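This report describes a structure with the sequence and coordinates at hand. It takes the chains in turn and then turns to selected details.

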Amino acid sequence: MSSVAVGFAGVTKSYGGKTVVDGLSFTVAPGECFGLLGPNGAGKSTITRMLLGMARPAAGEITVLGVPVPARARLARKRIGVVPQFDNLDLAFTVRENLLVFGRYFGMSTREVEAKIPSLLEFANLENKADARVAELSGGMKRRLTLARALVNDPQLLVMDEPTTGLDPHARHLIWERLRSLLARGKTIILTTHFMEEAERLCDRLCVLVGGRNVAEGRPHALIDEQIGCQVIEIYGGNPHELSSLIKPYAKRIEVSGETLFCYAPDPEHVRLQLRGREDLRLLQRPPNLEDVFLRLTGRELEK
Amino acid sequence: MGEGYAAVLPANAWNWVAVWRRNLLAWKKVALVTILGNLADPIIYLFGLGFGLGMIVGRVDGTSYIAFLATGMVATSAMTAGTFETIYATFARMHTQRTWEAILCTQLTLGDIVLGELAWAATKACLAGIAIAVVAATLGYATWPAILYALPAIALTGLAFASLAMVVIALAPSHDYFVFYQTLVLTPMLLLCGAIFPATQLPDAVQQVGHFLPLAHSIDLIRPAMLGRPAGSVGLHIGALCAYAILPLFLSVVLFRRRLMR
């Protein structure tokens, strides 16, 4: 197996004069879970479309599973499973029929697909729903069926565009658990998301996208250390701007997001001391996480 | 640029079958209803127009009006079945239902999908055409083997009209636009090509236009086959229908690429 599962080099894409992906470069190693993080409109979906050969880059090189894309995207897609952002299951069919029809798109015979269906249903916890129509399934079940469908061709690489958007917490945890079991089987996963918890739990490495550019890349914990590297105090209540001038001398950095003030403090006790006696405030001290990184790197973008 | 188009053309000669089988599986669930519709429609028309108008006009083109009309209706229904399957069902799969979007994530290319959809629309056209031919043969207005002779022409008609409709859906922003195609293209064709009355009734200049239309070629193949007459210029008619099937196929793939793979 080649040492690079997915490689983007200087990839650029624009629509109607607006640059959506801007000189993007990254590589994904086999067996890795790589996250593409970014706010809405950062170019995440365009990147996955280019990876599958469904959109052509204006400049740059894309290699997926050893073949150049889009020129030979069909060969790459044979070994890729896709979980799209919006379910596109076939509503006319039952759960079983969806898997059957999709397997045949990969050139498998009816018999070959039927032999695989029981294990796919088991993987998706849908054994009891084999003959239910897709329209009867809950949102979480539909996502799991989409995931099972993406595995019908036994792909090396899974491409997931916001796989848990719109799911309740229980359904989301179930998907995460399934994805981890796929990683344990040696699959490579590319995941786009704007859920920081999802990225932190699943991704070996990730890159943060702002305006189609790669603004930071690395392991989640390395990124947190590098970008934040100290305790965080979240302060609710009060006037964030007045508070910010009060504690500024003791903070490495201050970020205001909505009604919450995020104080990045190497020595949190000094900040707490400053705010002692303020009954109107609620303080939460915690270790830094990926959301802080995200806010720091994309915050200014959102303010525009 | 050339390689960009190579990636969307049919990848091989059999990939499209998976798309055709998907549509077959969906159709099987409503097969009984559609077959009844395919049969009821021509029966109503043949009885209504055939007996009603037939009484007034008598013999046409050396045969009874109802037999004349039945042959025209076989061609026309292949045209409408091939067209409607494409502009309604295929358009929905391409646009609202996201079926194509899902298929494009597999090893199939855009060309494979279009080919599979065309083959399926032609299949529906055959079912519709055969239904009328069966009704006509049952009533004694055509011979049973004639259905067999007409079948290749019916299939080709369905393919040609599905292919033309494929260009229409590649361009239409929403299904509201299809009414233009129906009223400005299909309905005039019905009147210009000798489906319900002989085209010789029309002014010369109009007749000349009619000769170029795909439905005219289709009728010139199907009518002699069903009435047991020798057909003229068979090669020309088949060639013309093939051109109407193949050229729009490539055009539609180019247009779909522009629409779906930006």
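## Chain A overall

The model is predicted. Chain A contains 11 helices and 14 strands. Along the principal axes, its C-alpha atoms fill a box of roughly 70 × 45 × 35 Å.

Of the 304 residues in chain A, 42% are buried. When contacts in chain A between residues at least 6 apart in sequence are considered, 67% of them join residues at least 24 apart.

## Chain B overall

Chain B has 11 helices and two strands. Read from the N terminus, the order of its elements is α-α-α-β-β-α-α-α-α-α-α-α-α.

The C-alpha trace of chain B spans about 60 × 45 × 35 Å along its principal axes. Its radius of gyration is 19 Å, which agrees with the value near 18 Å that a compact globule of 262 residues would have. Buried residues account for 47% of the 262 residues in chain B. Among contacts in chain B between residues at least 6 apart in sequence, 78% link residues at least 24 apart.

## Domains of chain A

The domain assignment divides chain A into domain 1, made of 30-46 + 81-218, and domain 2, made of 230-287. The C-alpha centres of domain 1 and domain 2 of chain A are 39 Å apart.

An unreviewed UniProt entry places the feature "domain: ABC transporter" at residues 6-236 of chain A. That span is 35% helix and 29% strand, and its end C-alpha atoms lie 42 Å apart.

Strand β6 of chain A covers residues 80-83 and has both faces covered. In a regular strand, side chains alternate between the two faces of the sheet. On one side of β6(A) are Ile80(A) and Val82(A), and on the other are Gly81(A) and Val83(A); all four are buried.

β6(A) pairs with strand β7 of chain A, residues 157-161, in the parallel sense over four bridges. Within β7(A), Val159(A) is the bridge partner of Val82(A).

## Asp22(A)

Asp22(A) belongs to strand β2 of chain A, residues 18-28. Asp22(A) counts as partly exposed because it has 17 C-beta neighbours inside 10 Å, whereas a buried residue needs 20 or more.

Leaving aside neighbours within four places in sequence, the contacts of Asp22(A) are Thr12(A), Gly211(A), Gly212(A) and Arg213(A). Ile62(A) is 40 residues from Asp22(A) in sequence, and their C-alpha atoms are 14 Å apart in space.

## Interface between chains A and B

At the interface, 23 residues of chain A are in contact with 24 residues of chain B. On the chain A side, α2 (73-77) and α3 (95-105) each supply at least two of the residues that touch chain B. The largest share of this side, four residues, comes from α3(A).

By class, the side of chain A that touches chain B has 13 nonpolar, three polar and seven charged residues.

Technical notes. Residues are numbered from 1 along each chain as its sequence is written. Chains are lettered from A and ligands numbered from 1 in the order in which they are written. This is a predicted model: local features need pLDDT of at least 70, side-chain atom pairs count only at pLDDT 80 or more; totals for chains, interfaces and linings use all residues. A residue is buried if 20 or more other C-beta atoms lie within 10 Å of its own, exposed if 12 or fewer, and partly exposed in between; C-beta atoms are placed from the backbone. Two strands pair if DSSP finds at least two bridges between them. Two residues are in contact if their C-beta atoms, placed from the backbone, lie within 7 Å. Ala, Val, Leu, Ile, Met, Phe, Trp, Tyr, Cys and Pro count as nonpolar, Asp, Glu, Lys and Arg as charged, and the others, Gly among them, as polar. UniProt positions are given in the numbering used here, feature names are shortened, and annotations may be inferred rather than shown by experiment. Domain bounds come from an automatic or database domain assignment. The radius of gyration is taken over C-alpha atoms; the globule rule is 2.2 Å times the number of residues to the power 0.38.
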